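Please read the points below against the coordinates.

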Amino acid sequence: MSRVKLPPDETQSIRPPDELLGDFFKSALPQAWPAVPVPGATGADRAQGTQPYTTLIKSRLAVAASVALLAAASFWTSGSFQRQERVGPRADPATWEAQRRRLHQDVSRLPRPSHPALPSRRIPRQPG
Amino acid sequence: MASSASGDTRGRAEFEALYQRHSREVWALAYARHLKSDLALDIMQETFMRLWRARLSGETILNPRAWLLRVARNLAEDHAKSAFSRNGTHTPQTMDGVPSREMLPVERLEQQETFAQIRAVLEGLSPADREILSLRYALDYSTPEIAEVLSINTTAVHMRLSRARQRVADRLAVQGVHQTS
């Protein structure tokens with residue numbers, strides 16, 4: 001048996017590895033072992049077993065009701081708002097072209113301004 | 001309907017029997033992988049939940065013990081690859097090595113120090129060696145029982161056990177924890 005050199009006060013508390021390993025692993029082992037990790041397996045009622053299925057049906061019904069409500073709301077509100085035509089290059093091209101032509105015609109109907117004849121800007125020749 | 005209920009009750013009783021028989025073995029293998037008691041407990045419970053779901057889905061499991069141990073090993077391995085394992089929030093000292101309440105503070109401190117050294121030594125061993133040590137020292141399994149759990153022969157268990165113990169003893173001796181034999 002070979003002894004490791006230790007200070008005198010520590011050699012008195014040396015312990016065999018089996019004992020140390022036993023203490024180490026047993027200290028890690030939970031003292032209160034958990035119950036069976038299954039819903040209803042410890043004598044609970046069987047109704048808990050059907051709970052997920054009931055919840056699934058309820059959630060699907062809620063989704064269906066929400067979709068129906070959304071569709072009804074869109075149907076009722078579809079005619080409630082006044083439609084405004086968009087004006088500008090992003091509007092319908094045909095509408096935009098008709099408006100442009102109408103504006104052009106309106107402008108052409110306006111009376112032409114009558115200005116007095118402007119004097120000629122030709123520079124008279126210098127004699128000589 | 002009555003036969004279905006009786007079959008359900010019988011299946012539940014079988015499941016509870018499996019839990020009583022093998023849950024500590026599952027915990028021991030999970031603990032051997034990470035040396036974390038709480039994590040091993042979580043893995044053990046998740047393993048049995050999966051067994052329960054597999055039975056509910058009608059899956060045929062011929063060898064429940066082997067199935068449980070395989071799933072537990074896979075879960076422990078998956079956890080090793082997960083981000084939580086890399087960035088865990090608890091130190092090993094927080095998670096494990098909780099001493100008895102009757103101990104004096106000085107004794108507790110000494111034990112924690114010794115356990116930290118043992119932990120460091122164990123982390124240097126292979127997971128296979130730690131599995132053997134865990135079954136041997138946590139559950140007091142004999143060599144044939146360990147061989148049965150790990151599906152290896154008793155000679156291999158004896159060799160690996162003595163080799164692992166020797167490694168632990170040597171390293172602890174270097175650290176001045178105990179005497180070598």
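1. Basis. This is a predicted model, in which local features need pLDDT of at least 70 and side-chain atom pairs count only at pLDDT 80 or more, while totals for chains, interfaces and linings use all residues. Residues are numbered from 1 along each chain as its sequence is written, chains are lettered from A and ligands numbered from 1 in the order in which they are written, and side-chain values use heavy atoms, with hydrogens and water left out.

2. Fold of chain B. Chain B has 9 helices and 0 strands; helices (H or I, at least four residues) and strands (E, at least two) are DSSP runs, numbered from the N terminus. The order of elements from the N terminus is α-α-α-α-α-α-α-α-α. Of the 181 residues of chain B, 43% count as buried, where buried means under 20% relative accessible area, exposed over 50% and partly exposed in between (1.4 Å probe, protein chains only). Among contacts in chain B with a separation of 6 or more, 61% come from residues 24 or more positions apart; contact means heavy atoms within 4.5 Å.

3. Helix 7 and helix 9 of chain B. The axes of helix 7 (residues 127–138) and helix 9 of chain B come within 9 Å and cross at roughly 95 degrees. Helix 7 of chain B is therefore roughly perpendicular to helix 9 of chain B. Axes are lines fitted to C-alpha atoms, for helices over the stretch in contact, with angles from 0 to 180 degrees between N-to-C directions; under 35 degrees counts as roughly parallel, over 145 as roughly antiparallel, 65 to 115 as roughly perpendicular and the rest as oblique. Helix 7 of chain B contributes Ala128(B), Asp129(B), Ile132(B), Leu133(B), Arg136(B) and Tyr137(B), and the residues they meet in helix 9 of chain B include Val157(B), Arg160(B), Leu161(B) and Val168(B). By class, this contact of helix 7 with helix 9 of chain B has 8 nonpolar, no polar and 6 charged residues. Here Ala, Val, Leu, Ile, Met, Phe, Trp, Tyr, Cys and Pro count as nonpolar, Asp, Glu, Lys and Arg as charged, and the others, Gly among them, as polar.

4. Helix 8 and helix 9 of chain B. The axes of helix 8 and helix 9 of chain B come within 8 Å and cross at roughly 110 degrees, so these two helices are roughly perpendicular to each other. Thr143(B), Pro144(B), Ile146(B) and Ala147(B) in helix 8 meet Thr154(B), Val157(B) and His158(B) in helix 9 of chain B. This contact of helix 8 with helix 9 of chain B has 4 nonpolar, 3 polar and no charged residues. Thr143(B) is partly exposed, at 21% relative accessibility. Leaving out residues up to four places away in sequence, Thr143(B) touches Thr154(B), Val157(B) and His158(B).

5. Positive phi. Leu35(B) has a positive phi, near 60 degrees, and lies in the loop between helix 1 (2–34) and helix 2 (37–56) of chain B. Ser151(B), also not a glycine, has a positive phi of about 55 degrees and sits in the loop between helix 8 (143–150) and helix 9 (154–174) of chain B. Leu35(B) counts as buried because its relative accessibility is 1%, whereas Ser151(B) counts as exposed at 63%.

6. Aromatic pairs. Rings of Phe, Tyr and Trp (its six-membered ring) pair if their centres lie within 6.5 Å; planes under 30 degrees apart count as stacked, over 60 as edge-to-face and the rest as tilted. By this rule there are 11 aromatic pairs over all chains. Phe24(A) and Phe25(A) are edge-to-face because their ring planes stand at 90 degrees, with centres 5.3 Å apart. Phe15(B) and Trp52(B) are also edge-to-face, at 5.1 Å centre to centre and 70 degrees between the planes. Phe15(B) lies in helix 1 and Trp52(B) in helix 2 of chain B, so this pair ties together parts that are 37 residues apart in sequence. Phe15(B) is buried at 0% relative accessible area, and Trp52(B) is buried at 11%.

7. Aromatic cluster. One aromatic cluster is formed by Phe24(A), Phe25(A), Trp33(A), Trp27(B), Tyr31(B), Phe115(B) and Tyr137(B). Of these, Phe24(A) is buried at 1% relative accessibility and Phe25(A) is buried at 0%.
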